[in-house]
Amino acid sequence: MKKVTVLYALLTLAFSMWTGCEGINDYSVNPNHRLRFSVDTLSFDTIFSSIGSVTKQFMVYNPNGETLKIESILLANAGKSGFRINVDGRKGDSFRDIDLWKKDSLYVAVEVTVDPNGAHQPPVIEDSILFYTNGIRQSVLLQAYGQDIRLIKGGVTFTEDTVLTADLPYLVYDSLTVAEGATLTLEKGVRFYMHSQASLIVAGTLKAAGTREEPVLFRGDRLDYIYAEIALPYDRVPGQWRGIYFTPASFDNELNHVIIRNGFSGLVFRESTPERKKIDIRHSQITNMDDHLLVAINCRIEVSDSEFSNSTNATVTLIGGKHRFVHCTLANYKKIGKSRDLQSPCLMLSNHLKTDESEMDYPLLQADFDNCIIDGSFSADSTHLYSGELMFFTKEKGEEQGNDATFNYRFNSCFIKTARIENERFVRNLFIKSPSYLKTATKEDIYEYDFRLANESAGIGRADRTVSEQFPEDRYGVSRLTGDTAPSIGAYEYVYQEEEKKD
């Protein structure tokens, strides 16, 4: 009885397969039965010349109640446009007689490589994929923007003084190194697109001479979207490249109108000496890092009119040395990257460094903050001193109260999100709460930040004017001295924002 049952099941399966195969040849010939596509235009963001794109794909649907035979799928300008296609796992420029069952679908994957053309502005590259079914032609437009670049690959070391111009952007694989004794000068408008794990190592001197209109830029090389459905570009995602590292032998560096974003680390200064200036940073933005944003060990650093924002570890960490920050915004509202639970306070000051291998004391000889914002999403615990977005690490208990020899700091007319501190080293400061900003990455902003002060924010008009007179323009060139409410605390002078009218 069991053998008869098995035989019956096999005969039934064979009959089903035979009748199913017979149905495959029953194609619709109705010209009104057409294909449907998940996109009308498949767009690629800017593609660097000679560098292949990411793979994008779209779906082809048969929404009809009968099977369709797609007579042909063709890449219209095959071999000339730089586009390549793959239909349901098969590569090629043309495909014929493809069965698409009723209510079924297939994938089409697309890549593109752009040839160098000598143009400084990205040209539009277009092609089409043509679909012929029952004598009807349908198409999906392919579109990309090409950008010529200077490719730096295999590791490059500048051993003598070098000037890089802004005629074309630089795509950097591996690393760039400025040798000891050499100076690398970056002219206004220079753009670096850093590939995964790429870094800049400075043993000599780096001088970046950007302007407000044409800043020097360091960013990751991904120009597409990580989440297309919410239009989140990779340009807002941290951890895309390594960072910029300064060795102990590097001095007299200058960053003027420089933007550095989306790396693992931002600026890292190894153990040095405060007797010689390490770097002067002006009118710059360092933002969105997956580890430290700025960390310096026993260095001398001067910073003005600059923004340091959003990192997993402390936004600014100063261990020993001499430092002055004037009209800076230090703000940490990071929401993408490593877990927020791992995040550190915005500003950390220390006179002691302990690693797995050693311990070392580095006296904090000077750490002056004038007219600065020190803020973030941590709570300012009113029951604990030096909590919230301000953290002191000292070797000796009680030393966080400060002394001129080993832990010398001063905060003047700053906005600090920490418990209120009654200490002569804190003068005319605002405590506990945060300022109001124009954007702090709400869901609607798609992780976009704008740390300019919003209307009626605390901190407007509260800066020390005698200091502002020495630094009369903010990061965007706005005067700190002429407005009715001037001067304001932070890197950005307050400018009244027109309220959007609601229907």
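## Asn64

The side chain of Asn64 reaches the backbone oxygen of Arg34 at 3.2 Å, a polar contact (a pair of N or O atoms within 3.5 Å; within protein, one must be able to donate a hydrogen and the other to accept it, and residues adjacent in sequence count only if both atoms are side-chain atoms). This is a predicted model, where local features need pLDDT of at least 70, side-chain atom pairs count only at pLDDT 80 or more, and totals for chains, interfaces and linings use all residues. Residues are numbered from 1 along each chain as its sequence is written, and side-chain values use heavy atoms, without hydrogens and water.

Asn64 sits in the loop between strand 3 (56-61) and strand 4 (68-75); strands (E, at least two residues) are DSSP runs numbered from the N terminus. Asn64 counts as buried because its relative accessibility is 11%, buried being under 20% relative accessible area (1.4 Å probe, protein chains only). Leaving out residues up to four places away in sequence, Asn64 touches His33, Arg34, Lys102 and Lys103, with contact meaning heavy atoms within 4.5 Å.

Five strands form an open sheet in the order 1-3-8-5-6, with antiparallel pairing. Strand 1 (36-37) and strand 6 (90-92) are the edge strands, each pairing on one side only. Two strands pair if DSSP finds at least two bridges between them.

Strand 5 (residues 83-87) is joined to strand 8 (residues 105-112) by five bridges in the antiparallel sense. Ile85 stands opposite Val110 in strand 8.

## Ser250

Ser250 belongs to the loop between strand 23 (243-246) and strand 24 (253-256). Ser250 is buried because its relative accessibility is 0%.

A polar atom of the Ser250 side chain lies 2.7 Å from the backbone oxygen of Gly204. Beyond residues up to four places away in sequence, Ser250 touches Val202, Ala203, Gly204 and Lys278.

Conventions. Helix = DSSP H or I, 4+ residues; strand = E, 2+ residues; numbered from the N terminus. Buried < 20%, exposed > 50% of the residue type's maximum accessible area, 1.4 Å probe, protein only.
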